[in-house]
Structure formats: C-alpha cells, structure tokens
Amino acid sequence: MALEFPNQSRSYDNKGKRVRFTGYDGMFEVMFFARADALSNPADGEEPYLAAFDAARETIYDAARRIYLKGRKAVYVLTASDVT
C-alpha cells in the first residue's frame with residue numbers, strides 16, 4: 001500500500017517548534033513532524049506554523065512519501081532538505 005493522508009488534521013508542537021501530522025499505510029498510522037525550516041521558517045506561534053504547513057501541504061506530503069519509502073521508522077522529522 002501507498003502512504004496516504006486522509007486525515008487533514010495537524011497540530012502545533014510548541015516545545016519542538018514543529019507541526020505534527022499523520023499518514024496511513026493501510027491500517028498502520030505513521031507519525032510525522034515538519035520542522036520550521038521545512039515550513040519556510042514561520043513566525044513563532046501556533047497560527048503561523050499551521051498556516052505555513054497548510055500553504056505547503058502537498059509539497060510536505062510528497063516529501064513525507066519520499067522519506068517513508070527509504071525505510072520504516074516510528075517517527076519521521078521533515079527538514080528543509082527533505083522538501084526541496
């Protein structure tokens with residue numbers, strides 16, 4: 001099965017300064033984080049981070065699919081080098 005993102009929800013992780021989102025490979029849930037540099041370095045705070053994620057959602061999902069294919073992990077963290 002391919003990695004899909006049927007749930008459009010995402011959340012802001014203030015401590016890690018990143019956005020958390022989830023993908024699914026069949027029945028398996030896969031956790032991802034997008035760091036600030038992967039989001040074009042948004043201003044501090046929940047709203048700017050979530051807006052930056054939403055603006056780049058398809059690019060981020062494409063990057064998540066690419067890094068997921070490299071091997072299964074418990075958690076994936078996307079950086080600027082992953083989304084370029």
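A: Phe32 is buried, at 0% relative accessibility; buried means under 20% relative accessible area, exposed over 50%, and partly exposed in between, with a 1.4 Å probe and protein chains only. This is a predicted model, in which local features need pLDDT of at least 70 and side-chain atom pairs count only at pLDDT 80 or more, while totals for chains, interfaces and linings use all residues. Residues are numbered from 1 along each chain as its sequence is written, and side-chain values use heavy atoms, with hydrogens and water left out.

A search of the whole structure finds ten aromatic pairs. Rings of Phe, Tyr and Trp (its six-membered ring) pair if their centres lie within 6.5 Å; planes under 30 degrees apart count as stacked, over 60 as edge-to-face and the rest as tilted. Phe21 and Phe32 are a stacked pair because their ring centres are 5.2 Å apart and their planes are at 15°. Phe21 belongs to strand β3 (residues 18-25) and Phe32 to strand β4 (residues 28-35), so the pair ties together parts that are eleven residues apart in sequence. Helices (H or I, at least four residues) and strands (E, at least two) are DSSP runs, numbered from the N terminus. Phe21 is buried too, with a relative accessible area of 1%.

Phe21 also forms an aromatic pair with Tyr61, and this one is tilted, at 5.9 Å centre to centre and 40° between the planes. Tyr61 lies in helix α2 (residues 57-69) and Phe21 in strand β3, so the pair ties together parts that are 40 residues apart in sequence. Tyr61 is buried, with a relative accessible area of 3%. Ring pairs link Phe21, Phe32 and Tyr61 with Phe5, Phe53, Tyr68 and Tyr76 into a cluster.

Tyr76 brings in strand β5. Phe32 has Tyr76 as its bridge partner in β5. Strands β4 and β5 run parallel and are joined by four bridges; two strands pair if DSSP finds at least two bridges between them.

Arg18 lies over the face of Phe33, at 3.7 Å from the ring centre, and the charged end of Arg72 sits over the ring of Phe28, 5.6 Å from its centre. For this, NZ of Lys or CZ of Arg must be within 6 Å of the ring centre and within 35 degrees of the ring normal.
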